[in-house]
Amino acid sequence: MKKPHISRVFRLTLAMIFASQMWIGSALATELLMLEQKGCAWCVRWHQEIGEAYPNTDQGKLAPLRRVDIHKWPEDLDHIARERVTPTFVLIKNNREVARLRGYPGDHFFWPMLDEMLSQLPND
């Protein structure tokens, strides 16, 4: 019995899909964790002043936001120190903490402080 023939186009398409998945995975290796909890007034303020715009900024594209409830800690973050102060922003790259900002200092101070955190990212 003959083996089914896989066309060159099909193999090339699969290779392109695999390569794009690898690129997406590496692009998401940097994240900004926002540690928050229900009832946090400063978290609400951050979402009102920054949250909607954040994904559209250069900073948001470099370090996509991942919201984390401090009372429902994800298993994949077990190596990141937990926090009781909310909001706390933790910049991670390749599952390693790079920088941490406790509290929300307001929109005028948040951006420069975030830029300082991002400047600490390793160049690998």
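Here are some friendly notes on this predicted model, point by point.

1. **Ground rules.** The model is predicted, so local features need pLDDT of at least 70 and side-chain atom pairs count only at pLDDT 80 or more, while totals for chains, interfaces and linings use all residues. Residues are numbered from 1 along each chain as its sequence is written, and side-chain values use heavy atoms, with hydrogens and water left out.

2. **Overall layout.** The chain has four helices and four strands, where helices (H or I, at least four residues) and strands (E, at least two) are DSSP runs numbered from the N terminus. Read from the N terminus, the order is α-β-α-α-β-β-β-α.

3. **Surface and burial.** The chain has 124 residues, and 35% of them count as buried. Buried here means under 20% relative accessible area, exposed means over 50%, and partly exposed is in between, with a 1.4 Å probe and protein chains only. The accessible surface of the chain is about 8800 Å², with 57% of that belonging to carbon and sulfur atoms; these areas come from the Shrake-Rupley method with a 1.4 Å probe, and for residues only the protein chains shown count as cover.

4. **Contacts along the sequence.** If you take the contacts between residues at least 6 apart in sequence, 57% of them join residues at least 24 apart. A contact means heavy atoms within 4.5 Å.

5. Helix α2 spans residues 41-51, and its buried residues are C43, W46, I50 and G51. They sit on the same side of α2 because they cover an arc of only 80° around the axis, the arc being that of the directions from the helix axis to the C-beta atoms. On the face turned away from that buried side you will find the exposed residues A41 and Q48. The cover over the buried residues of α2 includes β1 (30-36), β2 (65-69), β3 (88-93) and α4 (107-118).

6. **How α2 meets α4.** The two helices pack at an angle of about 75°, with their axes 10 Å apart. That makes α2 roughly perpendicular to α4. For the geometry, axes are lines fitted to C-alpha atoms, for helices over the stretch in contact, and angles run from 0 to 180 degrees between N-to-C directions; under 35 degrees counts as roughly parallel, over 145 as roughly antiparallel, 65 to 115 as roughly perpendicular and the rest as oblique. In the contact of α2 with α4, W46, E49 and I50 from α2 meet D107, F110 and W111 from α4. These residues divide into four nonpolar, no polar and two charged, where Ala, Val, Leu, Ile, Met, Phe, Trp, Tyr, Cys and Pro count as nonpolar, Asp, Glu, Lys and Arg as charged, and the others, Gly among them, as polar.

7. L33 is found in strand β1 and is buried, with a relative accessible area of 0%. Beyond its neighbours within four places in sequence, L33 is in contact with R66, V68, L77, T88, F89, V90 and I92. V68 is 35 residues away from L33 along the chain, yet their C-alpha atoms are separated by 6.6 Å. T30 is also found in β1 and counts as buried at 6% relative accessibility. With neighbours within four places again left aside, T30 is in contact with L62, A63, P64, L91, I92, K93 and L121.

8. **The loop between β2 and β3.** H71 has its place in this loop and counts as exposed at 60% relative accessibility. H71 and K38 are 33 residues apart in sequence and 9.2 Å apart in space, C-alpha to C-alpha. K72 is also placed in the loop between β2 and β3 and is exposed, with a relative accessible area of 64%.

9. **Backbone points to look at.** Most residues other than glycine have a negative phi, and most peptide bonds are trans. The peptide bond from T86 to P87 is cis, with omega near -5°, and P87 lies in the loop between β2 and β3. N94 has a positive phi of about 50° although it is not a glycine; N94 is found in the loop between β3 and β4 (96-102) and is partly exposed at 42% relative accessibility. N95, not a glycine, has a positive phi of about 65°. N95 lies in the loop between β3 and β4 and is partly exposed, with a relative accessible area of 47%.
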